[in-house]
Amino acid sequence: MLLDSSVLRSQLLLAFLVASTSFAPARAQELTSDQLDQVKARLAEGATHSWEIGTRAQALIESDTPSWSVLNSSSLPPSHSAPSSLDEVVSIAQAVVKNRTGSDVSGPQPLMDVSGGAAGDPPSIGVAVLLANWTGAGSRDGLDYAGAAQEQLEFLLTSVPKTSDGAISHRTEEVALWSDFVYMVPPFLAYYGVLTQNQTLLQLAYDQCRLYRQYLIDDDAGGMWRHIVQGSTPDSGHWTTGNGWAAGGMLRVLGTIQHSQYAKKMKNQANDLRGWVAEIHDGIYPHLQTTGLFTNYADDGSTFDDASGTAILASTVYRLALLEGVHTHLPAAEKSRSVLFASASASSSSSSSSSSSRSSASSRSQSSSTSTSTAPASTATTPSTLAHFTADGWLTPVVDPYSFGREGSHSPEGQAFVVEMHAAWADWVQAGSPGANAAAATMRGGVGAIVFVQAVLVWVLFVL
């Protein structure tokens, strides 16, 4: 049935108004110092498992002492004199090593208990322990940081099962390769190699990234990584946070190589790592929702929204832009950051989400935990006015960090990812926002398309 001209004019006018407003760029957002401190306070309270403690230490390095981060341009090894801004990271290492030395066990052993099976998680604390040793903390407190790091290394190399071609398992009880591993282990190996002038360890870090990519990449999914292969609980889905873990870990190995004494000798390895991170970005960012968030499994829209995985991926986009001048996905990262840091009053996005249609019988198991918080368990300071944070500063919505198929309420690793994203963005801005013109060009292209649509609609309205 044909519409009469008055009805058609009304509908075209509505379309004109939608075209005029739907593509307005989001106003850039950033956290205030108080809000960032609140996020860090919740992180300090919540980080008790080994990978949470290690990720917290890394986030604090990037945020509080960026010149000591391998992701920035300072040469390695660093100075032996630590700035006071590293005190909290050293305190984390101190708490872990002190707790470890309470046992009578000597020889190859992890930095924390792996009775839950996750051999790949404790090495995430390794960089903090290495830094504590490097800056002389042991001479002040009597703890053997060098011995702790060495025994963790020996445990990985001699006590953890491997694939036939040398990929170290993420689990102790069986060979199982998890994407998480790439954030936890290779950066420790690489940093250990630089501090001890052992290029073989730096090569081993690269090799672990290469082998994990070989097993986990899904070419049919555009280069995204599967979550888990082999073992008793495989997960062939493209877990958003897992892709973030992998990209973030490879970037830290890349940064370590680039800023080390082996940079010239390992140019090919650095180029590979650059390409592998970009490969993940190219595979996953086409699945970013119009809300600026990824779902828990990036290409499965029936799973819940996850701000945690969104944050770590955005941080890796800024880092790749800084390290390698790759600007392709900066517009998407800026969109995610603006959405995550938007005020509640300015945002229309909903933080509620449906339950995941995917369930997992396998949770991330680790029976032993250690608190390393140096911040008091305070109540909320300034109530949050951010759409994707609770009043006391917890990121939302997030995946349950202990059962990757379920939505959670609090995620310490998600808090760390927020700190890393904010730090990466701040470093990017400090460097002059390289590649920002690409984002502007994308926006101009979008605006140009809308102007064309508007012109057509105006012409049709005039004719009618």
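## A buried lysine

A residue is buried if its relative accessible area is under 20%, exposed if over 50%, and partly exposed in between (1.4 Å probe, protein chains only). K40 has 15% relative accessibility, so K40 counts as buried. The model is predicted: local features need pLDDT of at least 70, side-chain atom pairs count only at pLDDT 80 or more, and totals for chains, interfaces and linings use all residues. Residues are numbered from 1 along each chain as its sequence is written, and side-chain values use heavy atoms, with hydrogens and water left out.

K40 sits in helix α2, residues 33–46. Helices are DSSP runs of H or I, at least four residues, numbered from the N terminus. Contact means heavy atoms within 4.5 Å. Beyond its neighbours within four places in sequence, K40 is in contact with L60, S63, D64 and V419.

## Aromatic pairs

The whole structure holds eleven aromatic pairs. Rings of Phe, Tyr and Trp (its six-membered ring) pair if their centres lie within 6.5 Å; planes under 30 degrees apart are stacked, over 60 edge-to-face, and the rest tilted. Y285 and F294 have ring centres 5.2 Å apart and planes at 65°, so this pair is edge-to-face. Both Y285 and F294 are buried.

Y318 and W428 form a tilted pair, with 5.3 Å centre to centre and 45° between the planes. Y318 lies in helix α13 (residues 307–324) and W428 in helix α15 (residues 412–430), so the pair ties together parts 110 residues apart in sequence. Y318 and W428 are buried.

## An aromatic cluster

W178, W239 and F404 form one aromatic cluster.

Methods
Helices (H or I, at least four residues) and strands (E, at least two) are DSSP runs, numbered from the N terminus.
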